[in-house]
Amino acid sequence: MVLIRKIDEQKLRANHQRNAALNGETIDLEPVVKFFNPVGAATWLISELDDDGIAFGLCDLGFGEPELGYVSIAELAGLKVGFGLGIERDRHFEARMTLGEYAAEAREKGSITA
């Protein structure tokens, strides 16, 4: 399975370009994709992707400390998490708030609940 669909990749790259053009300022964007570990608690809500395949988003490894940060899409795509499975994209995810709002909620609850 492809981790990022072309249409989502285009949105992620456009978001990155929008924020890069602001020279240090940022727009609080809605996440475009949600990735998760099908046999664990890790979840990622991704809003941007740069030309090197580095994504920005809300990262929750399941330890009660979700945080905004960067993750390599190639590394996520290459992870094997058990039972021959890898990280998956939530095909039904639709953002209902901005990344900053998800981050605030996740910090309050100790995990991403999207």
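In which sense do strand S1 and S2 pair, and over how many bridges? I looked this up at the start. Strand S1 (residues 33-36) and S2 pair in the antiparallel sense, over four bridges. I count two strands as paired if DSSP finds at least two bridges between them. Strands here are DSSP runs (E, at least two residues), and helices are runs of H or I (at least four residues), numbered from the N terminus.

A note on the source: this is a predicted model, where local features need pLDDT of at least 70, side-chain atom pairs count only at pLDDT 80 or more, and totals for chains, interfaces and linings use all residues. Residues are numbered from 1 along each chain as its sequence is written, and side-chain values use heavy atoms, with hydrogens and water left out.

Next I checked the S1 partners. Val33 has Ile46 of S2 as its bridge partner. A hairpin of six residues joins S1 to S2.

Then I followed S2 (residues 43-49). Seven of its seven residues are buried, meaning under 20% relative accessible area with a 1.4 Å probe, protein chains only. S2 also pairs with strand S3 (residues 54-60), antiparallel, over six bridges. There, Glu48 has Phe56 as its bridge partner. Four residues lie between S2 and S3 in their hairpin, and Gly53 in the turn has a positive phi of about 80 degrees.

Last, I looked up the whole sheet. It is open, with five strands in the order S4-S3-S2-S1-S7 and antiparallel pairing. Strand S4 (67-72) and strand S7 (88-89) are the edge strands, each pairing on one side only.

Note on methods
Buried < 20%, exposed > 50% of the residue type's maximum accessible area, 1.4 Å probe, protein only.
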